[in-house]
Amino acid sequence: MRIAKKLTAIAAIALTLSGCSLNLSVDTLLSPPKLSDEQTEIYTALTEAAGNIELRYPRMGEHLGAFVVNDFDTDGSNEAMVFFERKSSDIDAANQREAGLRIGFLDRDPNGAWHSVYEMAAAGVQVESVEFSLLGSDSPKAIITYSALNSQEKLLSVVSYSDNTPHELSQLTVSQYKVADVIGNSTQLLLTFSRPTQTMPAVFSVYGCNEEGGIYQPYAPVTLSRNIAEYDLITTGYYKNPNGSKMFCAAVDYLIAENQYSTELLYFNGNGFVTADSFLFNGSPTSYNRRTNALTPKQNTRDINGDGILDVPMTSVLPGYESLTYPEQMNTIWWFSQISGEINRVVNMYVDPAGSYQFALPNRWEGVVTAEYNADSRTTVFWTANDKERDAVFTIKTADNADAYSQSQIEKDGFTLAGSNDTTQVYIKNIEYQGLSLTQDEIASALTVIPS
Ligand SMILES: [Ca+2]
Ligand SMILES: [Ca+2]
């Protein structure tokens with residue numbers, strides 16, 4: 001009897017997951033969704049309480065399944081949070097079987113069996129992500145985002161859970177958010193970027209949670225002066241302040257226009273956040289504008305040299321390409337280290353258009369050496385820019401790991417294997433040239449094969 005019931009539950013889940021019961025293909029029947037015993041028990045308990053439902057899934061973030069299982073009230077055993085909508089035949093407001101996106105909360109009874117303990121209306125219509133964070137207090141908070149149609153803004157809901165009851169602590173409208181340890185004492189805070197309308201400037205805000213469960217803003221919001229067309233990536237890390245200590249920093253990589261990016265930085269100064277506009281850096285570039293094209297892969301702010309300080313990319317057109325159109329230009333990428341008082345260029349990097357390697361150009365090549373890329377032969381030639389005749393200084397070539405013929409041809413042409421990843425071999429040829437050729441040590445530190 002128990003087995004029969006379990007099979008029925010699995011069949012019901014298979015129908016729900018396929019979305020359309022009339023359209024079951026042979027493939028679907030042969031490979032039903034792999035639900036664990038626990039998920040099947042949660043689903044059965046939920047349908048017993050909630051009726052005929054369809055599960056809804058977070059589409060991004062760390063909890064992608066329909067069953068968000070987590071020790072939400074820190075009592076040592078897991079609860080489950082499940083997003084669902086009722087089928088129209090089962091909506092019955094009089095019996096509290098309501099329409100719209102719902103969140104079911106389930107817990108185990110003393111015998112270990114799952115049962116439904118609470119059902120609430122979701123704050124939005126389409127769940128996007130679920131993440132848990134303490135947000136500065138002792139108990140976990142669920143940070144749930146809901147996407148909205150035709151809008152870059154989303155609804156963010158902060159929910160706590162205790163005594164079998166969820167509590168929504170706050171609803172915020174955000175474009176992007178990130179949870180981060182700003183002070184460096186393991187206190188997680190919620191960093192949000194929002195823009196009520198496209199014509200208004202974006203606002204950066206920080207939220208924490210006090211012991212009474214109240215959401216508050218520990219630092220004043222900052223209005224961003226840059227014109228952000230679309231967010232690309234938020235990265236958190238550190239900058240170095242004038243006394244040499246590492247301080248928290250949030251980098252916002254954003255689109256200015258198609259194939260054009262820039263970065264806004266928010267520096268934590270101990271009392272709050274400031275942008276570069278009100279934070280003096282000697283020699284600081286006024287903007288980190290950069291372009292992408294078929295020859296220049298997109299780069300995001302990161303610690304490029306491994307010193308623990310964030311570096312911001314900016315494209316630089318190679319000599320000889322200045323008068324060409326943007327799609328035809330070859331670029332290197334300068335990385336700017338975020339050290340207060342002195343923004344330094346840390347490295348000038350060429351990135352393989354096919355993404356197999358990156359190569360740091362030596363300083364003595366600046367303005368003297370340019371490059372040319374041939375996509376068919378997968379070759380980048382660095383050559384002296386000012387001579388009438390092109391003299392190759394250094395050449396990098398790639399071949400597929402499986403392509404033994406190309407590899408033997410490349411080796412016949414005098415190239416040596418410098419490195420490889422799971423798909424690609426990277427070959428180099430270093431040519432003796434009047435102080436511009438590279439030493440073996442320089443080659444070893446300049447060329448990095450990017451994992452495939
Ligand atoms: Ca628990
Ligand atoms: Ca760095």
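**View 1. Residue W335 within strand β21.** In this predicted model, W335 belongs to strand β21, which covers residues 331-337; strands here are DSSP runs of E of at least two residues, helices are DSSP runs of H or I of at least four, and both are numbered from the N terminus. W335 counts as buried because 23 other C-beta atoms lie within 10 Å, where buried stands for 20 or more such atoms, exposed for 12 or fewer, and partly exposed for values in between, with C-beta atoms placed from the backbone. Not counting residues up to four places away in sequence, W335 touches I304, D311, V312, P313, V346, V347 and M349, a contact being a pair of C-beta atoms, placed from the backbone, within 7 Å.

**View 2. Helix α3 and the glycine that follows.** Helix α3 has 14 residues (37-50), and at 1.5 Å a residue it should span 20 Å, which agrees with the 20 Å between its end C-alpha atoms; the expected span is 1.5 Å times one less than the number of residues. Within α3, the buried residues are Q39, E41, I42, Y43, A45 and L46. Just after α3, G51 takes a positive phi of about 95 degrees.

**View 3. Residue I42 and its contacts.** Leaving aside neighbours within four places in sequence, I42 is in contact with F67, A80, V82, L106 and W114.

**Notes.** Residues are numbered from 1 along each chain as its sequence is written, while chains are lettered from A and ligands numbered from 1 in the order in which they are written. Because the model is predicted, local features need pLDDT of at least 70 and side-chain atom pairs count only at pLDDT 80 or more, whereas totals for chains, interfaces and linings use all residues.

Technical notes
Contact = placed C-beta atoms within 7 Å.
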